[in-house]
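Morning, everyone. Let me put the structure up, and then I'll walk you through it.

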Amino acid sequence: MEGGSGGRDGGGAPNPFVHELRLTGAQRAKFYLLGTVLAPLRVALAFIVLFLIWPFALLQVLHRSEEELKEPLMDWRSSVSYSSVYLLSRLMFFLLGFMQIRVRGQRASRLEAPILVAAPHSTFFDPIILLPCDIPMVVSRTENLHVPVIGALLRFNQAILVSRHDPASRKKVVEEVKRRATSQGKWPQVLFFPEGTCSNKKALLKFKPGAFIAGVPIQPILVRYPNSLDSTTWAWQGPGVLKVIWLTASQLCTTVEVEFLPVYQPSAEESINPTLYASNVQRAMARALGIPATECELVGTLPVRAVGHLRVALEPRLWELDRALRRARTRGVPWMPGRCGWPCRRWRGDVALRTSHSWPLSCSAKGGPGRGPHACPGRVSVPSCACCWGRPGPTEPSSTLHWAGLSPTMG
């Protein structure tokens, strides 16, 4: 068996978004045998325990006002709820095969490090590290409140919630993180996975600055799965959710290792520059892990790598081009080659690159209908052609083409 990175990112480091799992014939036979008996039993028992957690999570927040929930809860209901959720959560992971959680290093107190940052983030099993971290608070999407059980757990956790649909939400989250991080130990620690998405553990993704905006000391946490078979990894390209659950639950034992590094004290410059702070912590954690620190990140739904001020897609996907062309053909518009090199619905003349106030690089047609520069989703600084597609939105074909990493010269 071998779990590979599936290629390079173009800058010499392994592509962190691709996980290839290769099984020998004997391993396949073993997994089919255990997967038909052990995996279903484990998953069924784990789901039963998950639903048992639900009432204890609700106990903490039931009949409490919004004002009460804006402050730390420290009464008898909170103690009973916390103890029950902790024990049942450990039982749930045990039933899934996580027999052992190895802990190295010493967890800092909330006064020493109000914020914890964990990496690499490689699987949806990573919340298991909340247990040795004494169930710190997390940041999650508002939409998750409507998910059964998960919503109750987020309310129990007094999680910091961010909405994708509210433009002011991110600012509120920043203010709330700062408020809790500077409360002098009044609030529990806040845990971040600063990569923002899962990778294959072969390299660290670029850290997002959210955890570092408060400018307070943080404690880095390294997460490892030292197993002979890497069944837990859930990357952008690789085994899907059901296969990862099936493979992991089919193993006799899965081990996770959590290492607490010394508290990172930011310099004066890092305290006022969260991007610099995030980058330096990323490099420090990469050195401790013995893997590269990259500029790769997931923007929208596609992996990209920073090249100067641009973000370039890591792996061009021709099926993206095919899908875009098929979508456009359904509109019944004939294709004509444009001077920009893209297959244009209508030739609008030469393409001129110009700078707009919102997007460092944008593209519009000289003498065109005055549609203006086209903004790629996610504020990605990538040239895009208004001459080919008119005025596309975030889901229009040209966005798909540019995000797929295709260019006119690639054919």
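So, what do the buried residues of α1 pack against? Four helices: α2 (66–69), α3 (76–95), α4 (150–157) and α6 (241–250). Before we go further, a caution: this is a predicted model.

First, the overall picture. The protein chain has 11 helices and 16 strands. It runs to 411 residues, and 48% of them count as buried. Now take the contacts with a separation of 6 or more. Residues 24 or more positions apart account for 67% of those. The chain exposes about 20,100 Å², with carbon and sulfur atoms supplying 59% of that area.

Back to α1. Helix α1 covers residues 25–61, which is 37 residues. At 1.5 Å a residue, the helix should span 54 Å. Its end C-alpha atoms sit 51 Å apart, so the two values agree. There is a bend along the way, though. Where is the kink in α1 centred? On glycine 35, and the angle is about 50°.

Which residues of α1 are buried? Among them are Phe31, Leu34, Gly35, Ala39 and Arg42. Further along, the list includes Ala46, Val49, Leu50 and Ile53.

An α-helix has 3.6 residues a turn, so residues three or four places apart point the same way.

Now the surface. Leu41, Leu45, Ile48 and Leu52 form a nonpolar patch there. Together they have about 360 Å² of accessible area. Take leucine 45, which lies in α1. Is leucine 45 buried or partly exposed? Partly exposed, because its relative accessibility is 36%, and buried would mean under 20%.

Just after α1 comes histidine 63, with a positive phi of about 60°.

On to α3, where we find serine 78. Serine 78 has 11% relative accessibility, so it counts as buried. Leaving out residues up to four places away in sequence, serine 78 touches Gln60, Arg64 and Leu73.

Last stop: alanine 181, in helix α5, residues 169–181. Alanine 181 is buried, at a relative accessible area of 8%. Which residues does alanine 181 touch, not counting those up to four places away in sequence? Pro114, Ile115, Ala214 and Val216. Look at alanine 214. Alanine 181 and alanine 214 are 33 residues apart in sequence, yet 6.9 Å apart in space, C-alpha to C-alpha.

That's my tour. Over to you.

How values were computed: Residues numbered from 1 in each chain as written. Predicted model: local features only at pLDDT ≥ 70, side-chain atom pairs only at ≥ 80, totals over all residues. Heavy atoms only, no water. Helix = DSSP H or I, 4+ residues; strand = E, 2+ residues; numbered from the N terminus. Expected span 1.5 Å × (residues − 1). Bend = angle between axes of the 7 residues up to and from the residue. Buried < 20%, exposed > 50% of the residue type's maximum accessible area, 1.4 Å probe, protein only. Contact = heavy atoms within 4.5 Å. Patch = residues over 30% accessible without salt bridge, like charges linked within 9 Å, V, L, I, M, F, W, Y side chains within 5 Å. Areas by Shrake-Rupley, 256 points an atom, 1.4 Å probe, with all protein chains shown as cover. Salt bridge = Lys/Arg side-chain N within 4 Å of Asp/Glu carboxyl O.
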